[in-house]
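Let's take a friendly walk through this model, one part after another. Please have the structure open as you read.

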Protein chains: 2
Amino acid sequence: MKQLNVGILGLGTVGGGTYAVLTRNAAEITRRTGCAINVVQVADRNIEQAKLMTGGKVDITNDAFAVVNNPNVDVVAELIGGYTLSKELVLKAIENGKHVVTANKALLALHGNEIFTAAQAKGVIVAYEAAVAGGIPIIKALREGLGANRIEWVAGIINGTTNFILTEMREKGLAFADVLGEAQRLGYAEADPTFDVEGIDAAHKLTIMSAIAFGMPMKFEQAYTEGITQLQQIDIKYAEELGYRVKLLGITKRTEAGVELRVHPTLIPEKRLVANVNGAMNAVVVKGDAVGPTLYYGAGAGAEPTASAVVADLMDVARLSDASVAQRVPYLGFQAGQVNDLPVLPISEINSAYYLRLRANDKPGVLADVTKILADRNISIDALLQKEPDDNETEADIVILTHITLEKNMNAGIAEIEALPAIVGNVIKIRMEELAK
Amino acid sequence: MKQLNVGILGLGTVGGGTYAVLTRNAAEITRRTGCAINVVQVADRNIEQAKLMTGGKVDITNDAFAVVNNPNVDVVAELIGGYTLSKELVLKAIENGKHVVTANKALLALHGNEIFTAAQAKGVIVAYEAAVAGGIPIIKALREGLGANRIEWVAGIINGTTNFILTEMREKGLAFADVLGEAQRLGYAEADPTFDVEGIDAAHKLTIMSAIAFGMPMKFEQAYTEGITQLQQIDIKYAEELGYRVKLLGITKRTEAGVELRVHPTLIPEKRLVANVNGAMNAVVVKGDAVGPTLYYGAGAGAEPTASAVVADLMDVARLSDASVAQRVPYLGFQAGQVNDLPVLPISEINSAYYLRLRANDKPGVLADVTKILADRNISIDALLQKEPDDNETEADIVILTHITLEKNMNAGIAEIEALPAIVGNVIKIRMEELAK
């Protein structure tokens, strides 16, 4: 029988899950691939624990370079994360003619272009289904399943930590800081949650999806990233009154002017399926010109869900390791010479609908002033919610949902609104997406 | 550049959509595949219309056998439907060494085993992404994306006509017959709707999914099929009061005793995403042992959504037409020698939770009698809804949700309940699924 020898770098959550799935489902995997996928070496800092996890059946080393240089290893599964050592290891594995499977979104978002160029030159596979949305086979859907389409946009809940926090904020009426503490206690958030709550992790994944949706290089440094740390409970509540949910979305769109590539809190109509994706779950909506909107939902993190994707990639490698380059799906889903260097639009140049919350002195004429500013800028109002002042207060909230306009036009309008004497403090602005067409 | 020459059988809805997508997205498709996919011949009964649709650029014939015998055709796209002529054509194409792409679920559910055996012998590809759930790439997800998993169950809304009807029944409070008429006027239902409303079309698709989920032959003739024609408005209403939606689900599960393969109206908790799939849309939930539950949503029919899947298959053929059999995904996702002849359980041997509605004379002791019958059969009650009799009536509805039990045990219990003197008419039984684990 055909054999595929795997070297695993890192036996942590994902590495441990990968080893467990490969072992438990070995018979089913061989029934499918006609190939035995053997873990022949594992690198981990904690040799004793790694020995325990693998039952002494696998060669364990604490030298990751021993694995990427091991002539008996056909494919390296890079599951250590980060983008310094992991980059060096992946490039070395490629140099040594080994195929690579990785779950590392940061590595690919930052150094994917260099890595794919190196892999192309050596004719090896670099597979990364686990890098986006964990166990959801979204890379395969974008590169293959929807390949007949001109992809128009992709929008996803692609960070479980922030979706868990937003779900708790809505369901329990709690503030961000309080839920973050709970999420940390439950293990849904890291001790330093910056990568998740500031949207950086989502931007890594979005960068990868934009590259394969449109056939363009990874452009992480040009992604707009806005997290959920400033999001207030009151806006979640007002959004709900208006029939919307607030989600941290990664959105990438192809427009005439360029590519939108942005992560930020977003109002979505509550009737959309994706608005009802709760807890730590992930979902990605893809709009193709032929197929229309499609949605992919599942666990975006965790040992075995992520391992499900890593092992699926190993199975693809098992089938295609000895195939020609033309017989494989190209790295970005587009042939090497056909990747277009599309410009990414700065956030001021994107088009969006908006949720605005203003605090105004309860005087006649305020609403007329505000709506005139918007009308002068051709910004149509879709809905308006004027709250009565609380007892003993003279200020009240006004919530406005606008139609689509250019972000810089919206920003200029907001600046004018904030300059009105009756307006108190800053205008809160949250972008809004219909996600229907 | 590499060329792939396609012959299309049938330029109806799907065939026309396929030609349109191949033409409109030709540049994007070649950017992806590095191959020009050319339609070189089309067979259709209506030659004049086919000439109009293809702008005179393609050889048109009314003899489908001319296409499958055309030495210049590399791959035949069978898009005529049915399972008599289409079977003959597909087998002839295979005999001639041509690859086949088909959207034909009936053909595969009934004759897939024979077709795959013939294709295996000739070493040609038979691809069928479009046969299940239209544009949703569920075949690729099951055979490849989730390949690392032992698939435990699959449950799907895989017929748009019935989902449209059920959505209208719920939202507008209408009876089945009234909505069917509306669906026929709108083109969502055929003049003879039997295939859709009796669950046969869903059973075709479910049969295909069970084969690739578990690695077993197509066993359509053993599928249990129950449509929505008998479903009453009142049960949709009671289900909603209890927090459930009624959907026509295709469900296949692997159990110790055998495979469950069944299509029937099903109560699903309203908080599940799949319970919120409305109108003519499709969705499939797949539970893998590693990944947990995942969901795939999109348009399950229509010209271009279905074409999206047909063309994706053609792109796979473009990559892999000259690959070895071992480099291709096997027909059922499992190697030819590894398909297991798993037994399909008769419906009496499946396990399910149940919704029961009984009509009872409003006398003391009825509920005690009913609950004793269930308790004696170890059927636990999860919820109970006892309705007050209407004015001037002496009969009232009792609704019971049970825990999971063997169907034949439930049926025996129902027979005993129906024999109680206070019970009026038959007990209505609808199966219930949690779809959570």
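Two strands count as paired when DSSP finds at least two bridges between them. With that in hand, and remembering that this is a predicted model, turn to chain B, where six strands form an open sheet with parallel pairing, in the order 3-2-1-4-5-6. Its edges are strand 3 (59–61) and strand 6 (126–127) of chain B, each of which pairs on one side only.

Now look at where the two chains meet. Chain A and chain B each bring 50 residues to the contact. On the side of chain B, helix 2 (26–33), helix 7 (138–145), strand 12 (292–299) and helix 13 (303–320) each supply at least two residues. Helix 13 of chain B gives the largest share, 10 residues. By type, the side of chain B that touches chain A divides into 24 nonpolar, 17 polar and nine charged residues.

Strand pairing also links the chains: strand 12 of chain A and strand 12 of chain B are antiparallel over three bridges, and Leu295(A) has Tyr297(B) as its bridge partner.

Finally, visit Ala375(B), in helix 14 (residues 366–376) of chain B. Ala375(B) counts as exposed because it has 12 C-beta neighbours inside 10 Å, and a residue is exposed with 12 or fewer.

Conventions
Residues are numbered from 1 along each chain as its sequence is written. Chains are lettered from A and ligands numbered from 1 in the order in which they are written. This is a predicted model: local features need pLDDT of at least 70, side-chain atom pairs count only at pLDDT 80 or more; totals for chains, interfaces and linings use all residues. Helices (H or I, at least four residues) and strands (E, at least two) are DSSP runs, numbered from the N terminus. A residue is buried if 20 or more other C-beta atoms lie within 10 Å of its own, exposed if 12 or fewer, and partly exposed in between; C-beta atoms are placed from the backbone. Two residues are in contact if their C-beta atoms, placed from the backbone, lie within 7 Å. Ala, Val, Leu, Ile, Met, Phe, Trp, Tyr, Cys and Pro count as nonpolar, Asp, Glu, Lys and Arg as charged, and the others, Gly among them, as polar.
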